[in-house]
Amino acid sequence: MQSKMEQRPNSGRISVVINTYNAEQDLKQVLESVKAFDEIVVCDMESTDHTIEIAKSYGCKIVTFPKGNHMSAEPARTFAIQSASNEWVFVVDADEIITNELRKYLYEYVESKDHKCGLYIPRKNYIMGCFMKSSYPDYQLRFFKREGTVWPPYVHTFPKVDGPTEKIPKGNQKLAMIHLSNTTFERIKKLNEYTENEVEKRSNKHVSFMKMVYEPAFRFFKAYILKGGIRYGKIGLIQATHNAIYRFIVLQKILESQNKQKLLNNSYLNQQP
């Protein structure tokens with residue numbers, strides 16, 4: 001990687017940033033797909049598996065962000081981005097594969113005179129080995145200038161880039177990130193972790209009886225009917241059901257948190273002289 005950095009001007013170099021926590025399952029495939037970039041920064045949250053060992057074998061720059069009670073990678077995103085050495089940063093998750101076509105496109109993009117400060121990249125999501133065309137292009141803001149970029153510490157958020165952004169046209173699917181599906185166990189585990197983070201982000205949301213009925217039902221309808229999940233049979237049904245369950249659990253946890261806080265406040269007031 002060092003020789004490639006020496007051949008390119010500073011403005012044309014790209015750092016890949018990967019946040020990890022016990023990410024050994026797909027990490028080798030991911031690193032293999034990004035090894036031709038100028039730098040790979042692995043920001044690890046104190047993994048206990050072989051994540052660090054794998055990252056070292058690919059010559060990655062490794063930085064550590066204390067996991068603490070964090071339930072997602074988002075609190076570590078800004079730290080990871082600022083740990084990169086180059087002007088341009090490409091954030092890749094530890095279960096995403098990058099095509100050669102996309103890598104070449106990004107280098108051509110930074111060398112062009114009319115580039116923006118950030119670029120939304122389409123993503124192809126695979127569930128149980130099946131490409132879910134219904135969710136494509138699933139744009140993600142993952143490529144941007146490092147300077148001035150801040151990533152909010154909440155799950156399912158996009159970074160705040162200091163300048164204008166644009167999207168890669170969705171016509172060429174070779175210019176999309178390939179998002180590998182998690183196992184059923186991993187999906188259920190992340191369901192709990194991500195919904196915990198959603199509670200912090202939406203703690204002031206009013207949760208009514210109708211919202212608890214309507215919002216999960218609409219999530220199912222949107223994924224299964226409006227986005228065409230019905231065309232994928234059992235897999236489409238599983239995805240739509242997961243979407244509905246996710247929304248229901250988020251609302252349930254928000255309501256539980258609010259009711260608990262009310263109880264604590266009332267108990268405190270009742271103790272006053």
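Four strands form an open sheet with mixed pairing, in the order β5-β11-β7-β8. Strands, numbered from the N terminus like the helices, are DSSP runs of E with at least two residues, while helices are runs of H or I with at least four. Two strands count as paired if DSSP finds at least two bridges between them. The edges of this sheet are β5 (96–97) and β8 (130–131), each of which pairs on one side only. Between β5 and strand β11 (residues 177–179) there are 2 bridges, in the antiparallel sense. Ile97 stands opposite Ile178 in β11.

The model is predicted: local features need pLDDT of at least 70, side-chain atom pairs count only at pLDDT 80 or more, and totals for chains, interfaces and linings use all residues. Residues are numbered from 1 along each chain as its sequence is written, and side-chain values use heavy atoms, with hydrogens and water left out.

**The sheet of 7 strands**

Another open sheet has 7 strands in the order β3-β2-β1-β4-β9-β6-β10, and its pairing is mixed. Its edge strands are β3 (61–64) and β10 (165–167), each pairing on one side only. From one strand to the next, the twist averages 25°. Strands of a sheet pair through backbone hydrogen bonds, either parallel or antiparallel. Strand β1 (residues 14–20) and strand β2 (residues 39–44) run parallel and are joined by 6 bridges. Thr20 has Asp44 in β2 as its bridge partner.

Helix α2 (residues 24–34) packs on this sheet and touches β1 and β2, its direction making about 175° with that of β1. Helix α5 (residues 100–111) also packs on the sheet, touching β1, β4 (88–91), β6 (118–121), β9 (140–145) and β10. The direction of α5 makes about 160° with that of β6. Axes are lines fitted to C-alpha atoms, for helices over the stretch in contact, and angles run from 0 to 180 degrees between N-to-C directions. Contact means heavy atoms within 4.5 Å.

**Nonpolar cores**

In soluble globular proteins, nonpolar side chains tend to be buried together. A nonpolar core is a set of buried Ala, Val, Leu, Ile, Met, Phe, Trp, Tyr and Cys residues joined through side-chain atoms within 4.5 Å. Buried means under 20% relative accessible area, exposed over 50% and partly exposed in between, using a 1.4 Å probe and protein chains only.

The largest nonpolar core has 32 residues, and those with the most contacts inside it are Ile14, Phe37, Phe90, Leu106 and Phe143. Elements giving two or more residues to this core are β1, α2, β2, α3 (51–57), β4, α5 and β6. The largest share, 5 residues, comes from α5. Leaving aside residues up to four places away in sequence, Ile14 touches Phe37, Asp38, Glu39, Asn86, Trp88, Phe90, Leu106, Tyr107, Val110 and Phe143. A second, separate core of 19 residues includes Val17, Val63, Phe65 and Tyr139.

**Loops**

Most residues other than glycine have a negative phi, and most peptide bonds are trans. Met128, in the loop between β7 (123–127) and β8, has a positive phi of about 55° although it is not a glycine. Met128 counts as exposed because its relative accessibility is 54%. His156 has a positive phi near 60° and lies in the loop between β9 and β10. The peptide bond from Tyr136 to Pro137 is cis, with omega near 15°, and Pro137 belongs to the loop between β8 and β9.

Asp93 is in the loop between β4 and β5. With a relative accessible area of 17%, Asp93 is buried. Not counting residues up to four places away in sequence, Asp93 touches Ile18, Val30, Arg77, Arg123 and Arg142.

**Aromatic rings**

The whole structure holds 12 aromatic pairs. Rings of Phe, Tyr and Trp (its six-membered ring) pair if their centres lie within 6.5 Å; planes under 30 degrees apart count as stacked, over 60 as edge-to-face and the rest as tilted. Tyr214 and Phe218 form a stacked pair, 5.9 Å centre to centre with 20° between the planes. Both residues lie in helix α7 (residues 209–226), 4 residues apart, about one turn of the helix. Phe218 is partly exposed, at 33% relative accessible area. Phe37, Trp88, Phe90, Tyr107, Tyr109 and Phe143 form one aromatic cluster.

A charge sits over a ring if NZ of Lys or CZ of Arg is within 6 Å of the ring centre and within 35 degrees of the ring normal.

| Charged end | Ring | Distance from ring centre |
|---|---|---|
| Lys67 | Tyr21 | 5.0 Å |
| Lys124 | Phe131 | 4.8 Å |
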